[in-house]
Amino acid sequence: MSKIIAQILEEKFQAAPIVPLIEADDPDVAVQTAKALQAGGLDVVEVVLRTDAALDCMEAIVKETSDIIVGAGTVLTVYQAGQAVSRGARFVVSPGLVDAVAQYCLDRSVPIFAGTMTAGEVQRAYALGLRTVKFFPAKLAGGVPMLKALSSVFREMRFMPTGGVSAENLPEFLAVPSVVACGGSWLTPKGSIEAGDYGAITKLAKEAVALAKAARP
């Protein structure tokens, strides 16, 4: 299963190397947000577990949309990972690297993007068997220069920068060969969601896809 999902993710990232973050406490809002992103060309989404209804929101997207790959973000514990997977998460994203969480996902063939920001954490992820990790918080952790430094040492590793990524610096991050995709919340602004302006989200998604294509022609 992991090879199939990993292959699908790789294909999706080649077309649009961006993973928008969805934070919601209303399943209907989450579904409408996901559909708006998909209309803009982004069909891999990360639902962050930062609200009491996050799992319900994630499950609603899984059940009420088609052709969207839904992952769970801000996964902190093995228990949360298990909950997310049982509710339909196809991949897991965590802010840091916890061996038990990573191993849980590896044992169950669930792709995981564990958070790293230092050489030691990347090396530990490599030793665990991970080959793609989250780089978080990307901007505060050194941004593109740090990514280039890590990539020169860990030549087999690929990274998903998240945290401080925006439309302004997206091309710079995507220009780094080891970057598989970038995660970001700028595509789902709270104000637009609260106003029900899903057209604005679709517009942001289209602009991001265009930026990505220009960065990786």
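**A helix pair**

Reply: The crossing of α2 and α10 is right-handed, a term used when the near helix is turned clockwise from the far one by less than a right angle, anticlockwise being left-handed. Before going on, please note that this is a predicted model, where local features need pLDDT of at least 70 and side-chain atom pairs count only at pLDDT 80 or more, while totals for chains, interfaces and linings use all residues. Residues are numbered from 1 along each chain as its sequence is written, and side-chain values use heavy atoms, without hydrogens or water.

Helices (H or I, at least four residues) and strands (E, at least two) are DSSP runs numbered from the N terminus. Here, α2 covers residues 27-39 and α10 covers residues 198-215. Their axes are 7 Å apart, at an angle of about 40°; axes are lines fitted to C-alpha atoms over the stretch in contact, with angles from 0 to 180 degrees between N-to-C directions. The two helices are therefore oblique to each other, since angles under 35 degrees count as roughly parallel, over 145 as roughly antiparallel, 65 to 115 as roughly perpendicular and the rest as oblique.

On the α2 side, Val29, Gln32, Thr33, Ala36, Leu37 and Ala39 meet Tyr198, Ile201, Thr202, Ala205 and Lys206 of α10, contact meaning heavy atoms within 4.5 Å. Seven of these contact residues are nonpolar, three polar and one charged.

Away from this pair, a cis peptide bond with omega of about -10° joins Phe136 and Pro137. Pro137 sits in the loop between β6 (132-135) and α7 (143-153).

Technical notes. Nonpolar A, V, L, I, M, F, W, Y, C, P; charged D, E, K, R; others polar.
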